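Subject: Structure for your review

Dear colleague,

Please find below the structure that I am handing over to you.

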Amino acid sequence: MNPTALQAAIYAKLNVAAVTAPLTAGYGFTAIFNEWVPQVDDAGDPAFFPFVTFSFPSSVEYDDKDDSGENSLVQIDVWSRKNTTEVKTIAAAIRAQLHRQSLAVSGHITTQVEDMVFERDPDGITRRGRITVRVLALA
């Protein structure tokens, strides 16, 4: 499974109104980023929250008696300066878009949200939701 294609497929699933509606306030555009987040001079400015980031997938190949493919993990982070409720609302919308839903990647078998963890950042202001997504695909 092509990692770039997997990133594009995840972005396409996240770039829908249910997920993006709360993300457009600070930036004036959809605040979903893969790895790099544009920052203003004052990175602590709460006007640029909430936003979503997701990592480049880490993949492990598998090969059993009948099939071969890839088992990929992607971490999606939701960031907010408002409150934990906002993070949980956005995370729930992300889960609804990905958990057991199809992805437009070659050989896709299943997408599973494995873990959702919510925490306060060490700065005491920022809230973070960390979502771990597993994607299985045939080679």
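Along the sequence, the elements of the chain come in the order α-α-α-β-β-β-β-α-β-β, which amounts to four helices and six strands. Please note that this is a predicted model. The chain has 139 residues, of which 37% are buried.

The interior

The largest nonpolar core comprises 25 residues, and L14, I76 and I94 have the most contacts inside it. At least two residues of this core come from each of α1 (3–14), β2 (51–54), β4 (68–80), α4 (84–98) and β6 (127–138). The greatest contribution is that of α4, which provides six residues.

Strand β2 also contains V52. This residue counts as buried because its relative accessibility is 1%, the cut-off being under 20%. V52 and D77 are 25 residues apart along the chain, yet their C-alpha atoms are separated by 5.6 Å.

Salt bridges

Side chains of opposite charge can pair when their charged atoms come close. In the whole structure, five salt bridges were found. One of them is formed by D77 and R128, whose closest N and O atoms are 3.0 Å apart. Since D77 belongs to strand β4 and R128 to strand β6, this pair ties together parts that lie 51 residues apart in sequence. Both D77 and R128 are buried.

A salt bridge also joins the side chains of E119 and R130, at 3.4 Å from N to O. E119 is in strand β5 and R130 in strand β6, so parts 11 residues apart in sequence are tied together by this pair. E119 is partly exposed, with a relative accessible area of 31%, and R130 likewise counts as partly exposed at 23% relative accessibility. Through salt bridges that share partners, D77, E119, R128 and R130 are joined into one network.

A further salt bridge brings together the side chains of E114 and R134, with 2.4 Å between N and O. Here the link is between E114 in strand β5 (residues 108–120) and R134 in strand β6, which are 20 residues apart. Both count as partly exposed: E114 has a relative accessibility of 42%, and R134 has one of 22%.

The surface

A patch of negative charge on the surface is made up of E61, D63, D64, D66 and D67. Within this group, E61 is located in strand β3 (residues 58–63). E61 is exposed because its relative accessible area is 68%, and exposed means over 50%.

Yours sincerely

Conventions:
Residues are numbered from 1 along each chain as its sequence is written. This is a predicted model: local features need pLDDT of at least 70, side-chain atom pairs count only at pLDDT 80 or more; totals for chains, interfaces and linings use all residues. Side-chain values use heavy atoms; hydrogens and water are left out. Patches are made of residues with over 30% relative accessible area and no salt bridge: like charges are joined within 9 Å, nonpolar side chains (Val, Leu, Ile, Met, Phe, Trp, Tyr) within 5 Å. Accessible areas come from the Shrake-Rupley method with a 1.4 Å probe; for residues, only the protein chains shown count as cover. A salt bridge is a side-chain nitrogen of Lys or Arg within 4 Å of a carboxyl oxygen of Asp or Glu. Lys and Arg count as positive and Asp and Glu as negative; His and the chain ends are not counted. The place of a charge is taken as NZ of Lys, CZ of Arg, CG of Asp or CD of Glu. Buried means under 20% relative accessible area, exposed over 50%, partly exposed in between (1.4 Å probe, protein chains only). A nonpolar core is a set of buried Ala, Val, Leu, Ile, Met, Phe, Trp, Tyr and Cys residues joined through side-chain atoms within 4.5 Å.
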